[in-house]
Amino acid sequence: MTVPGLLIIISGPSGTGKGTICKALLQHRPDIYYSISATTRSPRDGEQDGISYHFKSKEEFEEMLDHDEFLEWARVYDNYYGTPKAPVAEAIAAGRDVILEIDVQGALKVKEKAPEGIYIFVAPPSVEVLRSRIVGRATDSMEIINKRMDKVLGEMSKLNEYNYIVINDVLAQAVNKVESIIEAEKCRTQRHRFMPDGGPQAALVVPKL
Ligand code: 5GP
């Protein structure tokens, strides 16, 4: 019997370093399936189609929407972002843990469908640190930077919807915390059942996607 993988949502305001944490985590844990989102935004330098994102035109994205291909989708700033449903469901059914790295509105939508997911909020050490990270990235115009900063405070207020908070101050420590959360989740009593003839066994907790 295959024990289904965990659905892990790594979320939080833009610029908190969610992506960097995920990249570092995947180097330790290549067994984890990282969900590749579809987006209508243009690739940044060094981003490759099918690796960073599935880059789509607005029409292609809308067609995917019409075919109900997304687990969730959101308009983030002026672009669409969405999590393709089928690869996530397939990976979980095959026993792989899955990470969704998505924004706060997307995470809350996934939570409505799959409350048994593990919701991790990645927070900056302070709002000022966040601002300097977004400015330092130097890929966005001032207008976009200001829009992003405006959103941060509202997103921070959703913290209580999540199961865990990881403050991304020192990257290695943040990655360690996420790994520890995943390990602890696998030890939850609720994820096991007692087999009278064989002892405790990991049980089927399958998110309904
Ligand atoms: P960026 O354009 O900087 O790569 O991403 C902007 C924001 O969109 C980030 O907060 C990122 O986590 C979020 N994002 C990326 N993919 C998805 C997705 O599939 N769904 C949602 N809701 N947000 C996403």
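**Salt bridges up close**

A: Let's start with Glu 62, which is partly exposed at 31% relative accessibility. Keep in mind that this is a predicted model. The partner of Glu 62 is Lys 58, and the closest N and O atoms of this salt bridge are 3.3 Å apart. Lys 58 also counts as partly exposed, at 44%. Both residues belong to helix α2 (residues 58-66), and they are 4 residues apart, or about one turn of the helix.

Next up is a pair that reaches across elements. Asp 68 and Lys 85 meet through their side chains in a salt bridge of 3.4 Å, N to O. Asp 68 lies in the loop between α2 and β5 (70-76), while Lys 85 is in helix α3 (residues 85-93), so this bridge ties together parts that are 17 residues apart in sequence. Lys 85 has 18% relative accessibility, so with the cut-off for buried at under 20% it counts as buried.

Then there's a network: salt bridges with shared partners join Arg 29, Asp 31, Asp 97, Glu 183 and Lys 186. One of the links is between the side chains of Arg 29 and Asp 31, at 2.9 Å, N to O. Arg 29 is buried, with a relative accessible area of 11%, whereas Asp 31 is partly exposed at 39%.

For the whole structure, a search turns up 12 salt bridges, among them the Glu 62 to Lys 58 pair, the Asp 68 to Lys 85 pair and the Arg 29 to Asp 31 pair.

Technical notes:
Residues are numbered from 1 along each chain as its sequence is written. This is a predicted model: local features need pLDDT of at least 70, side-chain atom pairs count only at pLDDT 80 or more; totals for chains, interfaces and linings use all residues. Side-chain values use heavy atoms; hydrogens and water are left out. A salt bridge is a side-chain nitrogen of Lys or Arg within 4 Å of a carboxyl oxygen of Asp or Glu. Buried means under 20% relative accessible area, exposed over 50%, partly exposed in between (1.4 Å probe, protein chains only). Helices (H or I, at least four residues) and strands (E, at least two) are DSSP runs, numbered from the N terminus.
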